[in-house]
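Here is my note on this model. Please read it with the structure open.

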Amino acid sequence: MQAQPESRQDEQGRVFREAWISGVRKYYPGEPKPGYVAPWEETPSWERQAASAVYRQVADFVAISGGATAELTREQKGRFVALCWIAQIHKHIPEPKPSYVADWDALPEWQQQTDADIFEQIERRA
């Protein structure tokens, strides 16, 4: 039986996930939790859906702005990813732990930098 071609949504989610893993490996102090660096195939379904959705939100934002997102600071880019992700958490997880929906200022530095990297990775592809 032949493998199904990857959908565009899965491809976009995978790009998001790979950017996340790369950022975690680059910025996380010490050894990251296994779930932080689990490959796409081992990522829970809801998280794959959320990654694809946030990818599309960032790509649409870049397109709608006519590429003017290049003028945003890294912090602004990271904040956008973080906020989109929080909305996905609320969509997929009833009563999430407060740390799952923490605002930007409460996120650790490694996560802020990773979110900014994710935006820039998508921005380059958009």
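1. Terms and source. Contact here means heavy atoms within 4.5 Å. Helices are DSSP runs (H or I, at least four residues), numbered from the N terminus. This is a predicted model, in which local features need pLDDT of at least 70 and side-chain atom pairs count only at pLDDT 80 or more, while totals for chains, interfaces and linings use all residues. Residues are numbered from 1 along each chain as its sequence is written, and side-chain values use heavy atoms, without hydrogens or water.

2. α1 against α2. Gln9, Asp10, Gln12, Gly13, Val15, Phe16 and Arg17 of α1 meet Glu47, Ala51, Ser52, Val54, Tyr55 and Arg56 of α2. These contact residues divide into 5 nonpolar, 4 polar and 4 charged. Nonpolar covers Ala, Val, Leu, Ile, Met, Phe, Trp, Tyr, Cys and Pro; charged covers Asp, Glu, Lys and Arg; the others, Gly among them, are polar. The two axes come within 8 Å and cross at roughly 90°. That makes α1 roughly perpendicular to α2. Axes are lines fitted to C-alpha atoms, for helices over the stretch in contact, with angles from 0 to 180 degrees between N-to-C directions; roughly perpendicular means 65 to 115 degrees.

3. α3 against α4. These helices pack at about 90°, axes 7 Å apart. They are therefore roughly perpendicular to each other. On the α3 side, the contact uses Arg74, Lys77, Gly78, Phe80, Val81 and Ala82. Its α4 residues include Ile118, Phe119 and Glu123.

4. α3 itself. It spans residues 74-92, 19 residues in total, and reaches 27 Å from first C-alpha to last. That is close to the 27 Å expected at 1.5 Å a residue, taken as 1.5 Å times one less than the number of residues. Its buried residues (under 20% relative accessible area, 1.4 Å probe, protein chains only) include Val81, Trp85 and Ile89. Their cover includes α1, α2 and α4.

5. Core. The largest nonpolar core has 24 residues. Such a core is a set of buried Ala, Val, Leu, Ile, Met, Phe, Trp, Tyr and Cys residues joined through side-chain atoms within 4.5 Å. Phe16, Val54, Val58, Val81, Ile118 and Ile122 touch the most other members. α1, α2, α3 and α4 each supply at least two residues. The largest share, 7 residues, comes from α2.

6. His92. Not counting residues up to four places away in sequence, His92 touches Trp46, Gln49 and Ala50.

Notes
Buried < 20%, exposed > 50% of the residue type's maximum accessible area, 1.4 Å probe, protein only. Parallel < 35°, antiparallel > 145°, perpendicular 65-115°, else oblique.
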